[in-house]
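Reader: I'm new to this one. Can you walk me through the packing and the rings?

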Amino acid sequence: MSWTTKLIWAIYISLLAVLFPHTAWFFSKFEPFAAVGNLSAWFGAFAFEASIAALTHKLAKHIDQTPKRISARAKFRYRYLNAFSLGLVTSVAISALANLSHAVEFGQNMAIIDGWGIEPKVYQFAAGGILPLVSLLFARILSNVTETEDEEIPELTEAKGAVTDLRKRLRDSEAQRADLEERAKLAEQRFDAAGDLFASLFAEEKRQRILAAAQKWPRLPASAISIIADASPSYVSEVLNAPVENEE
């Protein structure tokens with residue numbers, strides 16, 4: 001919870017605390033016995049003012065969970081046509097009546113009323129009856145609702161999907177290109193090695209051909225190497241057993 005939200009809650013609780021004794025006075029007018037009646041009135045006032053705070057909190061949470069992609073009428077029904085709103089409006093109505101009654105009962109004349117000819121009912125309503133109605137406004141303020149700016153346009157969503165798919169294809173293409181380059185490099189290395197072997201096997205000197213065949217296929221018998229190198233078996237044995245430069 002941010003410090004701003006905490007400050008708003010502190011202001012809201014302070015407002016209910018101001019209304020609390022006025023509501024208790026209102027309830028006391030319906031009790032026959034002063035001592036017991038006052039105690040009952042204070043408990044009743046606490047129940048109503050505390051329920052306003054609790055229901056405001058619940059309604060704010062409910063408003064915060066409003067589905068994004070629904071019509072304005074559906075949003076209004078989801079946010080305000082529910083048990084939280086009904087309970088809050090009922091408690092606010094009782095508190096508003098109690099505080100309006102207190103303002104009418106104890107309201108005094110003021111110079112601005114007499115001098116400007118303003119109807120006293122205006123001040124009585126402003127000082128008493130309208131204060132609890134702020135609860136609905138606080139419920140709206142305390143909810144962290146994100147309005148239609150968070151709703152994406154279908155065409156924009158489709159375009160984002162196309163861009164994401166294109167980026168994926170580009171990444172796959174880059175991976176395939178890197179793989180092909182690696183394969184080509186290996187093939188080139190193998191081709192170079194095969195070329196060196198080919199050149200050695202077809203060299204003019206028989207000794208070089210014999211050594212190349214023996215190095216490539218070390219398990220071949222001398223008779224097979226003689227065929228590959230086009231040399232006699234005795235010369236092959238001579239070259240392999242005594243690697244000295246000899247020529248037939």
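Author: The notes below cover the core and then the aromatic pairs. This is a predicted model, in which local features need pLDDT of at least 70, side-chain atom pairs count only at pLDDT 80 or more, and totals for chains, interfaces and linings use all residues. Residues are numbered from 1 along each chain as its sequence is written, and side-chain values use heavy atoms, with hydrogens and water left out.

Reader: Which residues touch the most other members of the largest nonpolar core?

Author: Tyr12, Leu16, Ile52 and Leu88, out of 15 residues. A nonpolar core is a set of buried Ala, Val, Leu, Ile, Met, Phe, Trp, Tyr and Cys residues joined through side-chain atoms within 4.5 Å; buried means under 20% relative accessible area, exposed over 50%, and partly exposed in between (1.4 Å probe, protein chains only).

Reader: And which helix supplies the largest share of this core?

Author: H2, with six residues. Helices are DSSP runs of H or I, at least four residues, numbered from the N terminus.

Reader: Rings now. How many aromatic pairs are there?

Author: The whole structure has eight. Rings of Phe, Tyr and Trp (its six-membered ring) pair if their centres lie within 6.5 Å; planes under 30 degrees apart count as stacked, over 60 as edge-to-face and the rest as tilted.

Reader: What kind of pair do Phe20 and Trp42 form?

Author: Edge-to-face, at 5.0 Å centre to centre and 75° between the planes. Phe20 is in helix H1 and Trp42 in helix H2, so this pair ties together parts 22 residues apart in sequence.

Reader: Is Trp42 buried or partly exposed?

Author: Partly exposed, with a relative accessible area of 41%.

Terms used:
Helix = DSSP H or I, 4+ residues; strand = E, 2+ residues; numbered from the N terminus.
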